[in-house]
Amino acid sequence: MPTPDESDAARLLAPTTRALGAMHRHQIRREPWPDFDAFDPGAYPRELRRHAAWHWVSRAQAEHGSVHQFSAVTHALCEARAPVELLGALARLITDEVRHVELCGQAALAFFPEGGGDGRLFAWRTPRAPWPDAPEPPGRDVDAETREARELALRGWASRAILTACCLGETLSKPMLDALAVVATDPVARACAEQILKDERFHASFGWEALEVLWPTLDAGEREALQRQLARSLAGFERTTCGGVTIEDVANTAIEIGPSEEPNLGTLTNEQFAMIFFATLEAEIFPKLRALGLDPERAWRERGARAKGDGAKGDGAEDHRPEAAAETRADTAGGADAAE
Ligand SMILES: [Fe+2]
Ligand SMILES: [Fe+2]
């Protein structure tokens, strides 16, 4: 266990009761837990460890945001009386994300056992979904027509959340975690990335499968809303993932991510993040969006206006770490994937 200190991160990760701890571990620790105690801080320079701790605690908060998002989606789909198989799969996603919070948080605390100090390094923000709250539930005393209209609105809302969090977020996080595992020179960092990667593969396929189920149940208006959400989400991910690196900057550059020659505790450069982002959009995400019936090229063209419009809102996001939609991206300021 990490040395307890006064930081938010240490408090969230602290043990509670024996029985609760046992239930939690039974549910969460599906694989051998990384040996955080084996990490030797003396083997790495202090600044490198502090920088890595910042990455990992930011990642932990993004994962915490995923718990928040997937539980909200479960809630909405339950109110929409969606097929039970969707709820079962989502229940697994929620426990997986709790595991990721713990893995990333423990890694951060292990890498910088000096603790949060002034409290800023290990400060933990309240999760906030990058989209508005779900629409009103049908309730019990409404006529059939109202109930159908409200269930449709809930399915539309859940589709937009799943598109953003799973089809884009989780699909992007797979190659990024793969790269993190490759560049990491420390077994603890590598073990964390590898464990999370296995789950994120499943989460991405959940997203595509779930939309295949939900899409036929949406009307033209909800499908158009999903298409518009796609443009907003692409803008949001580009902003939070690429750290200002544009597609022009990395065009015609071959992606080469190999084992790092320098000590690396699981961090990538902006260029590496950007190249993975654009390559994954082209090779995997756009074809799957097309197969679903969405128009990724239109969304890509429209995302520019969205990005500018969102920036102009000035919602204070520059003070924050990236929002949860960018699970793997943790070191730039201003991440709100500002959906309307
Ligand atoms: Fe995750
Ligand atoms: Fe995930």
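In which hand of crossing, left-handed or right-handed, does α5 pass α9? The crossing of α5 past α9 is right-handed; the term applies if the near helix is turned clockwise from the far one by less than a right angle, and left-handed if anticlockwise.

This is a predicted model, in which local features need pLDDT of at least 70, side-chain atom pairs count only at pLDDT 80 or more, and totals for chains, interfaces and linings use all residues. Residues are numbered from 1 along each chain as its sequence is written, while chains are lettered from A and ligands numbered from 1 in the order in which they are written.

**Elements and core**

The chain has 10 helices and zero strands; helices are DSSP runs of H or I with at least four residues, strands are runs of E with at least two, and both are numbered from the N terminus. Of the 340 residues, 46% are buried, that is, with 20 or more other C-beta atoms, placed from the backbone, within 10 Å of their own.

The largest nonpolar core has 83 residues. Such a core is a set of buried Ala, Val, Leu, Ile, Met, Phe, Trp, Tyr and Cys residues joined through C-beta atoms within 7 Å. The helix that gives the most to this core is α5, with 17 residues. A158 is among the residues with the most contacts inside the core. Beyond its neighbours within four places in sequence, A158 is in contact with V73, A76, L77, A80 and L214, where contact means C-beta atoms, placed from the backbone, within 7 Å.

Two packed helices are described by the angle between their axes and the distance between the axes. Axes are lines fitted to C-alpha atoms over the stretch in contact, and angles run from 0 to 180 degrees between N-to-C directions.

| Pair | Angle | Axis distance |
|---|---|---|
| α5 and α9 | about 130 degrees | 10 Å |
| α5 and α7 | roughly 30 degrees | within 10 Å |

α5 is therefore roughly parallel to α7, whereas α5 and α9 are oblique to each other. Angles under 35 degrees count as roughly parallel, over 145 as roughly antiparallel, 65 to 115 as roughly perpendicular and the rest as oblique.

Ala, Val, Leu, Ile, Met, Phe, Trp, Tyr, Cys and Pro count as nonpolar, Asp, Glu, Lys and Arg as charged, and the others, Gly among them, as polar.

α5 also passes α7 in a right-handed crossing. Residues of α5 in this contact include L152, G156 and R160. The contact of α5 with α7 has eight nonpolar, six polar and two charged residues.

Technical notes: A residue is buried if 20 or more other C-beta atoms lie within 10 Å of its own, exposed if 12 or fewer, and partly exposed in between; C-beta atoms are placed from the backbone. Two residues are in contact if their C-beta atoms, placed from the backbone, lie within 7 Å.
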